[in-house]
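Try each one before you read the answer.

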Amino acid sequence: MLLSVMLALAVVATGTGLTTWLAPELSLEERVFVGAALGVLVVSVCALGAFAVVGMGWPAVGLGLAVPAAAGFAGVQRNGERLRSEVAAAMRRLRLPSKDAASLRPLAVTVAASGAVTTRVVSLAYQRTPAGLSAGSLAVWGDWSAHLAYAGSFAYGDNRGFDQPIASGHGFRYHLLADFFGSIFTVSGATLPQALVISEWVLAVALPGLIWCAVMRLTNSRLTSALTLVLFALSGGVGLWYFAADVERDGWSILGALPRTYARIPEAHLWVDNTISSSLYAQRATLLGLAVGCAALIIVSASRPARSRSGLVAAGLMVGALGIGHAHTLMTALALGAMAMIVDRSRLWWWFLVPAAAVGLPLTWAILPETSSMRWMVGWIAPEAGQPWAWFWIRNVGLLLPLFLAVSLVGGATAHVRRLTAPLWLWFLVPNLVAFHPFAWNNTKFFLYWQLAACLAIGNALARMLAASWGASGLRRWGTQLGLVMVGLLLVSAGSLDLLRSTQRSARIEWVTNDDLEAAAWLRRHSRPDEVIVYGASNTSAVAALSGRRSVSGFEGWTYDLGIADWSERAEASLTVLAGEDGTDDAVRRYGIDFVVIGDHERRELGASDDYWEQHGSRLFGRGDTRIYAVR
């Protein structure tokens, strides 16, 4: 584990060194935070290229790290004097009192506090219990099994052909870069769950600093930066109402073990989850996309005034690499860059747009789903909830919608902030008319940018009103400040409760048993990387998630949402093979099945037949309720 942590720090150091090649001047804090995102991106891309040639191991990881590290080291050598002056300036700013506009103390405190919380949350992602392995939250329990399978296909499955691990025979049409980055930590000795946690931790610790620095570039206001970060991280709707009902029923003792999440309550038609618990920690590609997007925004903001073409090109290449990292951020950056070019009437933006499009669009095309799921869905999920559209959204995001609308139409924020955030209303309106994914909830990946813009606009308005209140008379000042505090608390109430819950062990959910873990380990040791398994297509299978072997079909919700054309046929074939029904031999030949995995879920829920496979297969593994049969 120590070696894996050292590898993570080396990635951040490499990225920090690479920032010295960027033309614009960056502060030391910007250099470190941008370096974290840049290091993850560049090392992942370089290691992926090396992996495609030599497979997973120290040669691939070493090349992926050594090549950019050499460039970073050369940059540090070339710019040593400038770096020393940046370090000295940062030390002076740390000694300044917090009230001084140049002081680094507010940022340092914010990053330290958010880093402590981040470390606690991600450390609970997977928890060992006497029965097996548990997931720390519903989001991890539901989504990370797929991410483990993706990362495992690189770590243990020699997936140089980029086969889809949860639908063997299909291409890897998914944002794979974040999961590949996680897989490299298995080379340094981490288990696959630990590898995902470490890779998540690097970006999750850096993101608050990236958001702070990006907002500082846009507004030059520390208070706006702090408020934007808090509002975005702790977003949520009217969950406080449901928390009050739970307290009335069960008492305040529930704070020690919160019984549910409050930003997302599907049974109450609350679907827009808190950004920390869903969009950042569970959705690994989203975390990578936001981190790289904020890093590119910082570079662009530093390059544009100086008309630095090299800085814009660097930002464009970073965003372009997100074609296989997070296409939502790529498309957002291209759209906003094109709008900026029209407004600025400046050809300078071509230096950003051309490399971003030239790199990103072919990569995005390569992972496009086989079937398009775009369709009209006017009102998004509001009609299904049986609620008026406006009321549905107020319930889901609370005051965020009316306050952002008021700031956009009436004012409160600076004219500059209003101009910057106005285009992001399209990221709210269009996903309320069109569904882009088979599973309509995934439109929240577009709403996320609208939420960030809303938090920036509202945060700037609150900061200006708070600053203005200090010049008012006593009663008016206190009344204004109390009102602003109440508005802020209402905006972050549900998200704060969910963040508290994510730090509690009581939120864990049983995931896989010890027998299942042993079966996954057995498969890694005794089967070839390209062999194919059949199992119960659930998200609670260690064999599917941790063995590194491909499957005929993963959980149907995943294969359906990936746009895999024959997802239902694969699910049916898996059931047929497990039960040994007519058509089993045909399915075995069609999908190249090598192993059949039967556990309690397969028997109890899916009618799997041990009797059939005892006669028609060879039992190679048996422990507890779990059996692995080789197909004859």
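**Burial, bends and salt bridges**

Q: Is Gln-504 buried or exposed?
A: Buried means under 20% relative accessible area, exposed over 50%, and partly exposed in between (1.4 Å probe, protein chains only). Gln-504 has a relative accessible area of 9%. Gln-504 is therefore buried.

Q: What pLDDT do local features need here?
A: Residues are numbered from 1 along each chain as its sequence is written, and side-chain values use heavy atoms, with hydrogens and water left out. The model is predicted: totals for chains, interfaces and linings use all residues, side-chain atom pairs count only at pLDDT 80 or more, and local features need pLDDT of at least 70.

Q: Between which two elements does the loop with Gln-504 lie?
A: Helices (H or I, at least four residues) and strands (E, at least two) are DSSP runs, numbered from the N terminus. Gln-504 sits in a loop.

Q: Which residues does Gln-504 touch, not counting residues up to four places away in sequence?
A: Contact means heavy atoms within 4.5 Å. With residues up to four places away in sequence left out, the contacts of Gln-504 are Leu-124, Leu-255, Gly-256, Ala-257 and Leu-258.

Q: How many Å apart in space are Gln-504 and Ala-494?
A: The two residues Gln-504 and Ala-494 are 10 residues apart in sequence. From C-alpha to C-alpha, their distance is 16 Å.

Q: Which residues does Met-318 touch, not counting residues up to four places away in sequence?
A: Met-318 belongs to helix H13. Its relative accessibility is 4%, so Met-318 counts as buried. Beyond four places in sequence, Met-318 touches Leu-38, Leu-41, Val-292, Ala-295, Ala-296 and Ile-299.

Q: How many Å apart in space are Met-318 and Gln-164?
A: In sequence, Met-318 and Gln-164 are 154 residues apart. In space, C-alpha to C-alpha, they are apart by 25 Å.

Q: What span is expected for helix H8 at 1.5 Å a residue?
A: The expected span is 1.5 Å times one less than the number of residues. H8 (residues 192–219) has 28 residues. The model reaches 41 Å from first C-alpha to last, close to the expected 40 Å.

Q: At which residue does H8 bend?
A: The bend at a residue is the angle between axes fitted to the seven residues ending there and the seven starting there. For H8 that angle is about 30 degrees, with Pro-208 following within four residues. The bend is at Leu-207.

Q: How many of the 28 residues of H8 are buried?
A: H8 is largely enclosed by the rest of the structure.

Q: What is the phi of Asn-220 near?
A: Asn-220 follows H8. Its phi is positive, near 55 degrees.

Q: What is the phi of Phe-162 near?
A: Phe-162 lies in the loop between helix H6 (138–155) and helix H7 (177–183). With a relative accessible area of 26%, Phe-162 is partly exposed. Its phi is positive, in a residue other than glycine, and is near 50 degrees.

Q: What relative accessible area does Arg-307 have?
A: Arg-307 is in the loop between helix H12 (284–306) and helix H13 (309–321). Not a glycine, it still has a positive phi of about 55 degrees. Arg-307 is exposed, because its relative accessible area is 53%.

Q: How many salt bridges does the count come to?
A: Side chains of opposite charge can pair when their charged atoms come close. A salt bridge here is a side-chain nitrogen of Lys or Arg within 4 Å of a carboxyl oxygen of Asp or Glu. The count by this rule is 24.

Q: How many residues apart in sequence are the parts that Asp-515 and Arg-623 tie together?
A: The side chains of Asp-515 and Arg-623 meet in a salt bridge, 3.0 Å from N to O. Asp-515 lies in helix H23 (residues 514–526) and Arg-623 in strand S9 (residues 617–623), so the pair ties together parts whose separation in residues is 108.

Q: Which residues are linked in a network of salt bridges?
A: Asp-250 pairs with Arg-249, the closest N and O atoms being 3.2 Å apart. Asp-250 is partly exposed at 40% relative accessibility, while Arg-249 is exposed at 57%. The network links Asp-246, Arg-249, Asp-250, Arg-260 and Glu-267.
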